[in-house]
Amino acid sequence: MPRPSLKENVVAAALGQFHRRGYNGSGVKDITDAAGLPKGSFYNYFSSKEEMAVEALQRYGAGRELGRLKDPSLPPLERLRAHFVFLGEDVVRVGVECGCMFGNFAAEIAGQNPVLRDAVATGFARWVDAVADVLHEAVAAGEVGADRDVDLIARTVVRGWEGTVMHAKVTGELRSDEFFAGVFEPLLGAPATRPDAA
C-alpha cells in the first residue's frame, strides 16, 4: 500500500484539528505540528488556512460515504437507514463532543466567511441530493407513498440528523433511536425496524 503524501498528511491533520477545535481554534502551526511537519511546509500545498479548510470540508464530505446510498444490493429504505446508522457510529467513534464538521462550521463561521459558507452549503446540498435520490427510488419501489414530497423530506431528515448531533454535543449522548423514531419514520410514513441506538 503506497504511503500517503505529505499533502495528504496535512489535509488529514487539518480535518482532525478543524473537527475537534473548529476553524478559529485551529492555527496553521497546530495543523503542521499534528502532521509532523515544519510550519513553513504548509505553504508548499496551500496558499491560506481558508483554502485548506475548503479541502478539509470536501474530504469530510467524502467520508460520509454517500456512495453507499447507491448500493443496489439493498432496498432503498434499508440503504438509507444503514447510512444514518453509519453516521451515528462515526460520531461516536470520533467523539460526540466533536459533532458534525459541517454543522460546526455552519454555526461558527458561515456568517463571517462566504468561501467557507459556500463550501459547507455544497456539502449539505450533495448530502440532501443523495438522500433525495434514495427516496425517489423508495417511491418507485412502493416503499414510500407517491404523494410524499421526497425532496422536502430529504432536507428535513438531514436537518433532523444535524439537530440530533448538535444535541449530543451538549448531552454527551447520541440518541440515534430517537432520531429514527421521531424524525425518520414519521416523515416517511413507512414502518421501519429501529436500529440499536449508537
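**View 1. Helices α1 and α5 form a left-handed crossing.** A crossing is called left-handed if the near helix is turned anticlockwise from the far one by less than a right angle, and right-handed if clockwise. Helices (H or I, at least four residues) are DSSP runs, as are strands (E, at least two), and both are numbered from the N terminus. The model shown here is predicted, with local features needing pLDDT of at least 70 and side-chain atom pairs counting only at pLDDT 80 or more, while totals for chains, interfaces and linings use all residues. Residues are numbered from 1 along each chain as its sequence is written, and side-chain values use heavy atoms, without hydrogens or water.

Here α1 spans residues 6–21 and α5 spans residues 101–109; their axes lie 9 Å apart, at an angle of about 60°. Axes are lines fitted to C-alpha atoms, for helices over the stretch in contact, and angles run from 0 to 180 degrees between N-to-C directions. The pair is therefore oblique, given that angles under 35 degrees count as roughly parallel, over 145 as roughly antiparallel, 65 to 115 as roughly perpendicular and the rest as oblique. On the α1 side you will find Leu15, Phe18 and His19, meeting Met101, Asn104 and Phe105 of α5. This contact of α1 with α5 has 4 nonpolar, 2 polar and no charged residues. In this grouping Ala, Val, Leu, Ile, Met, Phe, Trp, Tyr, Cys and Pro are nonpolar, Asp, Glu, Lys and Arg are charged, and the others, Gly among them, are polar.

**View 2. Asn104 sits in helix α5.** Asn104 counts as buried, at 14% relative accessibility; buried means under 20% relative accessible area, exposed over 50%, and partly exposed in between (1.4 Å probe, protein chains only). Setting aside residues up to four places away in sequence, Asn104 touches His19, Cys98, Gly99 and Lys169, where contact means heavy atoms within 4.5 Å.

**View 3. Helix α5 also crosses helix α6, and that crossing is left-handed.** The axes of α5 and α6 (residues 114–140) come within 10 Å and cross at roughly 150°. From α5, Phe102, Gly103, Phe105, Ala106 and Ile109 take part, facing Leu116, Val120, Gly123 and Phe124 of α6. By class, the contact of α5 with α6 holds 7 nonpolar, 2 polar and no charged residues.

**View 4. Lys29 and Asp33 are joined by a salt bridge.** The term stands for a side-chain nitrogen of Lys or Arg within 4 Å of a carboxyl oxygen of Asp or Glu, and the count by this rule comes to 11. For Lys29 and Asp33, the closest N and O atoms are 2.9 Å apart. The two residues lie 4 residues apart in helix α2 (residues 28–35), so about one helical turn separates them. Lys29 is partly exposed at 46% relative accessibility, and Asp33 is partly exposed at 45%.

**View 5. In helix α4 (residues 76–94), Asp90 and Arg93 are 3 residues apart, so about one helical turn separates them.** Their side chains meet in a salt bridge of 2.6 Å, N to O. Asp90 is buried, at 10% relative accessible area, whereas Arg93 is exposed, at 63%.

**View 6. Arg79 is another residue of helix α4.** Arg79 is buried, with a relative accessible area of 5%. Neighbours within four places in sequence aside, its contacts include Arg68, Asp71, Val134 and Glu137.
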